[in-house]
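I opened the notebook to record what I looked up in this structure, going from the whole chain down to single pairs.

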Amino acid sequence: MDDLARSLIRSMAVLMLVAACAGAAAPSSSPAPSFDGGPVTTEEQAIARVVAHEPRLAGIGMRDPDMIGQSSWYEVTPASGVGAFIVTVRIGWGDCQAGCIDEHTWVYAVSPDGSVRLQSEGGGTVPDSAWPGGAGEEPDRTGILVTAVAGPTCPVETIPPDPACAPRPVPDTLIDITDGTGRQVARQSTDGTGTSFFELPPGVYAVTVADTGEGFFGIPEAQKVEVVAGAVAPVTIAFDTGIR
């Protein structure tokens with residue numbers, strides 16, 4: 001074999017290697033960072049605060065528009081002039097190589113003090129297997145996640161909504177959980193973010209506000225919720241501030 005033939009073979013091998021690398025699947029984006037407490041001043045801290053608020057999102061990565069089949073992702077954008085951040089989270093499932101058949105989205109506002117407010121939510125119920133980071137593989141996480149918020153917080157609502165006017169969390173709200181017979185099975189208060197998790201066995205429960213340290217227009221009605229094994233049932237309690 002002469003030198004020219006050897007050179008041609010080596011060139012073809014290099015071209016084949018380059019083509020193989022170009023056809024490889026896009027790597028997964030880096031997972032969201034963990035929250036270490038303190039004020040929120042960066043986009044990384046904003047998504048970390050959302051994940052701390054909703055642990056089932058642990059392992060979710062940043063949106064990569066060039067990635068095919070990315071079922072779950074987050075996007076963070078600064079809220080102009082208020083020092084807050086808007087965090088959009090999406091979880092998709094069902095043939096995501098073709099764009100996902102179903103999806104669920106959340107839009108959170110994260111304030112500089114680290115408080116998280118859910119601005120909007122929509123889509124189907126996320127199956128256990130679709131949660132990022134294997135969150136659906138934790139069968140012991142069964143119960144109810146209560147979020148207490150109060151609104152309106154501004155006399156005039158705008159379109160699109162101003163993050164500074166999003167419903168605010170209501171800490172120290174005492175919550176009662178009763179079973180189908182009316183027997184109280186749990187009682188505890190919401191934390192500084194307005195949330196409280198109740199670990200409960202599967203069943204049907206009623207979530208009731210027992211007490212709140214703030215004066216609102218009325219007390220929200222009790223909510224009936226079903227808890228299934230290996231899943232967390234979200235319940236939002238909305239207080240009326242009377243601001244118009």
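What percentage of the 244 residues of the protein chain count as buried? I found that 38% of the 244 residues do, where buried means under 20% relative accessible area, exposed over 50% and partly exposed in between, with a 1.4 Å probe and protein chains only.

Before going further I noted that this is a predicted model, in which local features need pLDDT of at least 70 and side-chain atom pairs count only at pLDDT 80 or more, while totals for chains, interfaces and linings use all residues. Residues are numbered from 1 along each chain as its sequence is written, and side-chain values use heavy atoms, with hydrogens and water left out.

Entry on the fold. I looked up the secondary structure and found two helices and twelve strands in the protein chain, taken as DSSP runs (helices H or I, at least four residues; strands E, at least two) and numbered from the N terminus. Along the sequence the pattern reads α-α-β-β-β-β-β-β-β-β-β-β-β-β. Among contacts (heavy atoms within 4.5 Å) between residues at least 6 apart in sequence, 54% join residues at least 24 apart.

Entry on Cys96. I located Cys96 in the loop between strand 2 (84-93) and strand 3 (102-110), and its relative accessibility of 14% is why it counts as buried. Leaving aside residues up to four places away in sequence, Cys96 touches Gly69 and Ser71. The C-alpha atoms of Cys96 and Ile68 are 8.2 Å apart, although the two residues are 28 apart in sequence.

Entry on salt bridges. I noted five salt bridges in the structure, each being a side-chain nitrogen of Lys or Arg within 4 Å of a carboxyl oxygen of Asp or Glu.

One of them joins Glu103 and Arg90, with 2.9 Å between the closest N and O atoms. Because Glu103 lies in strand 3 and Arg90 in strand 2, the pair ties together parts that are 13 residues apart in sequence. Glu103 is partly exposed at 39% relative accessible area, whereas Arg90 is buried at 8%.

I then checked Asp176 and Arg187, whose side chains meet in a salt bridge at 2.5 Å, N to O. This pair links distant parts of the chain, with Asp176 in strand 7 (residues 174-178) and Arg187 in strand 8 (residues 184-189), eleven residues apart. Asp176 is buried at 12%, and Arg187 is partly exposed at 46%.

Lastly I looked up the salt bridge between Arg183 and Asp179, which spans 3.3 Å from N to O. Here Arg183 is exposed at 51%, while Asp179 is buried at 18%.
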